[in-house]
Each structure stands twice: as structure tokens, then as C-alpha cells.
Amino acid sequence: MGSSANTETNGTGPPPSSSNQKPPAMNGGDLSHPPPLALDQAIVMSDPSKKRKMVMLPLEVGTLVMCRWRDGKHHPVKVIERRRIHNGCTNDYEYYVHYTEFNRRLDEWTHLDQLDLDSVECAVDEKVEEKVTSLKKTRHQKRKIDETHVEGHEELDAASLREHEEFTKVKNIATVELGKYEIETWYFFPFPPEYNDCVKLFFCEFCLNFMKRKEQLRRHMRKCDLKHPPGDEIYRSGTLSMFEVDGKKNKVYAQNLCYLAKLFLDHKTLYYDVDLFLFYVLCECDDRGCHKVGYFSKVIQHIIYRYVWFPLFGLLIKRNFYWVQEKHSEEAYNLACILTLPSYQRKGYGKFLIAFSYELSKKEGKVGTPERPLSDLGLLSYRGYWTRVLLDILKKHKGNISIKELSDMTAIKAEDILSTLQSLELIQYRKGQHVICADPKVLDRHLKAAGRGGLDVDVSKLIWTPYKDQS
């Protein structure tokens, strides 16, 4: 780590020359006077044993540097934003960094002592760099890059997506308190303006109203008489319960649930039209009440969407474009959004929610698939679920079986079955047709790699009537 140096001479350099003398030439040229430093800037010299480097503080936005993470190791980061710490020191800044090896949910504010200043790479103006780089690309290359940028928001062009990411690049809420847990948030969310100065939110774990201060939450809890999600309890097994919440009947609760979920989902669109959705909220129950573990939602109306960008608020909102007259969606989507809260992850609840959505599809008598795009963790959970379910069937089944038969047995859409088997290299082309290779040793190897299957859904405990039959 380099040591800090003042802008004044420190006694180790040559004495100041008089006004009639010129400084001696160095390396065959004149030594020009450097421009004066701003009061809030400092120069850091790198370790003299290494290649000599001067680093100007505070670091510029866009600077690439190595940062010490929570594992004690240094990882490459990019400075996204900076802010002054008001503690009396003019040079004390903290930096919001993105770990280039990791997902955006791990972005965080860091202090200078976490950064290895010997590894600093000069900041480059991104607009200039993009302009120069674009001149070197062919039209075909630019089209391919734009398609890549839009991945995850296929309805947006690359420029709109960049604008969206610019508005959401820095997390505005650092933590939330929900029940007995304090949870670090993952992503930005544009809460109402009165929450702009708030870094921690306090949620009522039962009605999901949120407050700025702990005292407000305590007062609210003395008056809140809700001990479980509003709606019908459709499943209970041991301490687990699942509640079906109609967004039209419980609009405020559903909107607050979306507020909470957006803090942990990067590409979640903001559903203000929550009356088009059913929410299935999974809870762990005890004598104090039902504590939220996670949820998934599904569309109950057949609608066609378009995305609307609101630059003033930095929002990307999925709005209904028009309604088709059918009461229910004819699409194969059986899930619109899914979230397991971080405090309950790695306990099998994610795969339980996925399995539950397919059990509902079986009761409806149709196949299902999740709405795209899936988050990285969502895709991982779905791949694991599809792999385990399909390979369990192939391992037990005797004789030939088709993709259509697998779809009928599992309620998984045929395209998802085909892509899963292809990714496992279990589809082969023989004698003019595609066949499934079900070698027991190969299946065992893939099952082991897929990991544990999560919690099982006890179908006998599911008491539910499809929405279509309720109306």
C-alpha cells in the first residue's frame, strides 16, 4: 500500500530556487511547474520497490482497482460512484464498487483502506471509450453486441437498457429489517421521495407496511392484528403453510410485497397493476404467527405487455397494452415472479416453490413454464428442478418414453424438457430420429451433480380450486 504525500515540500527535496534562477534540466528537457492540486485532492505514491506510480485521490468514477472482499482476498472492481465522508477530513471518500467477477447484487460501498492503490488503472471516460470502440466494429459485430446487452430485457433496445442500468447502478437502501432478520439488500429500488435519505427500512413481517424508523415499527406492531398473509390458506404441512393472495382484493399488501421483492431481483419489472396477479406466499408458522419465507406469482388475466421507460424515476415498468376478452391466460406461463428471501435460502424452499407451481398446473390440467427472463439464481433453481424430476422418471421408467409423455407426467413444457435433456447431452440422433439416452450410470452421474431436490410437496395437503373454476 502506498503512503500519502502532502502537496508541500517535506524537506527531502532540493531547496526552492530564487526567482532569477531556472530549475535544472532533467532528461534533456525543461521541468515545467505542475498545476496546483485542488484542496480535496492528494497524491499517493506507490511502493518504491515496485514500478513507480502516482495515484490522484479521490479516485475517479470508472477507475479499475483491486479491492479486498469479505473473503479476505483482493478482487478486481470498477468504481461506480463516490461520496465524501463528513468527518472533518477533506480527502476522506468512500467508493461504490462493482466486483467485475460477480453479480451486481454484491456491489457495495468500500473505504480507501480496502483498495490496493498499487493496482489502480487509469479511469477512462466511458462515452469516449464507447465512441472509439464503436468505430472499430463492423455493423454485424455491433448488432451482436446490442443483442447481448438486451439479454434479460428483450423488449428494450440497448440504449434504453443502458439508461435503466445507469439509474439503478447504486443501491439506495442498504438493509431491511423483517421480523428477526436484518437483511442486506441486493439491488436499487425507487421508493417514494420521502425515503431518499433512508438507508434502512423496517418492514412489518405480517402486513408488509414499511417505515423509516424502528420506533414507527414498534408503534405499528402494537396496532397490527394481522398474523398471516391476507387470503386463503391452501396448503399446510407441519410448520409450512402456503397462502393464495388475490392482488385485486389485497392491493396494498401485494404492492408492498413487490416493493420488498424488487430489492432482491435485478430485472423484476414493477407491477402496479397487481390486481392481474395471484400471489402464493410461503410461510414458516409458530405461535407468534406466519413468517414469510418466499413467494411466487402468476397471471390470471390474458394480457399483452409493453415496456414503458420513465426516465424521471429511473423506472422500467411493464404495463398492460390491451386486454383480450378471455378471462384467463391461455399462455403456458405458470409463474411470473419467484423469490426466496436471503435469510431462508439454501434450505430447499426455492425448489419447493417451483414444485408447488407445477402441482397447481397439474390440477389445472395443463403444462406450464416460468415467464422469462429468469434471474441467474432462478435459472439455476429451475435447471436443478427440471433435471432431478426428469432423471428420476427416466431412471424408474421401463421401455420407451417420448417428450410428450414426459410433459404430460410432469406438467413441464416440452421445450423446457428438450432444452434440459440437450444440456445434459441425453438426446441423440439415431436412424433419422431423436432418442433419449437413459444409461443408468449416466443418469446417476447427472443426478449427483444436480444436488439435493429440496423439500417435497405433499399433494394430499393441497386444498385448492383453480381460479377458472372459482368464477
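At 0% relative accessibility, Leu208 counts as buried, where buried means under 20% relative accessible area, exposed over 50%, and partly exposed in between (1.4 Å probe, protein chains only). The structure is a predicted model, in which local features need pLDDT of at least 70 and side-chain atom pairs count only at pLDDT 80 or more, while totals for chains, interfaces and linings use all residues. Residues are numbered from 1 along each chain as its sequence is written, and side-chain values use heavy atoms, with hydrogens and water left out.

Leu208 sits in the loop between strand 11 (200–203) and strand 12 (210–211); helices (H or I, at least four residues) and strands (E, at least two) are DSSP runs, numbered from the N terminus. The phi of Leu208 is near 70°, a positive value in a residue other than glycine. Most residues other than glycine have a negative phi, and most peptide bonds are trans.

One of the residues that touch Leu208 is Leu178, which is found in strand 9 (residues 175–178). Leu178 counts as buried, at 8% relative accessibility. Leaving aside residues up to four places away in sequence, Leu178 touches Phe203, Cys204, Glu205, Leu208, Leu260 and Leu341, contact meaning heavy atoms within 4.5 Å. The C-alpha atoms of Leu178 and His291 are separated by 9.2 Å, although these two residues are 113 residues apart along the chain.

Strand 9 pairs with strand 10 (residues 181–184) in the antiparallel sense over four bridges, two strands being counted as paired if DSSP finds at least two bridges between them. Within this pair, Tyr181 of strand 10 is the bridge partner of Leu178. The hairpin has two residues between the strands, and in it Gly179 takes a positive phi near 65°.

## His220 in helix 4

His220 lies in helix 4 (residues 214–223) and, at 15% relative accessibility, counts as buried. Not counting residues up to four places away in sequence, His220 touches Cys204, Cys207, Asn209 and Met211. Cys204 is also among the residues touched by Leu178.

Five strands form an open sheet in the order 7-6-5-4-8, with antiparallel pairing. Strand 7 (108–111) and strand 8 (115–121) stand at the edges, each with a single partner strand, so one side of each is left without a neighbour in the sheet. From one strand to the next, the twist averages 45°; axes here are lines fitted to C-alpha atoms, for helices over the stretch in contact, and angles run from 0 to 180 degrees between N-to-C directions.

Strand 6 (residues 93–99) and strand 7 pair in the antiparallel sense over four bridges, and Val97 stands opposite Glu108 in strand 7.

## Helix 8 against helix 9

The axes of helix 8 (residues 403–410) and helix 9 (residues 414–423) come within 9 Å and cross at roughly 115°. The two helices, helix 8 and helix 9, are therefore roughly perpendicular to each other, on a scale where angles under 35 degrees count as roughly parallel, over 145 as roughly antiparallel, 65 to 115 as roughly perpendicular and the rest as oblique. Helix 8 passes helix 9 in a right-handed crossing; a crossing is left-handed if the near helix is turned anticlockwise from the far one by less than a right angle, and right-handed if clockwise.

On the side of helix 8, Ile403, Leu406, Ser407 and Thr410 meet Ala414, Ile417, Leu418 and Leu421 in helix 9. The residues of this contact divide into six nonpolar, two polar and no charged, with Ala, Val, Leu, Ile, Met, Phe, Trp, Tyr, Cys and Pro counted as nonpolar, Asp, Glu, Lys and Arg as charged, and the others, Gly among them, as polar. In the loop between helix 9 and strand 22 (427–430) lies Glu425, which is exposed, with a relative accessible area of 66%, and which has a positive phi of about 55° although it is not a glycine.
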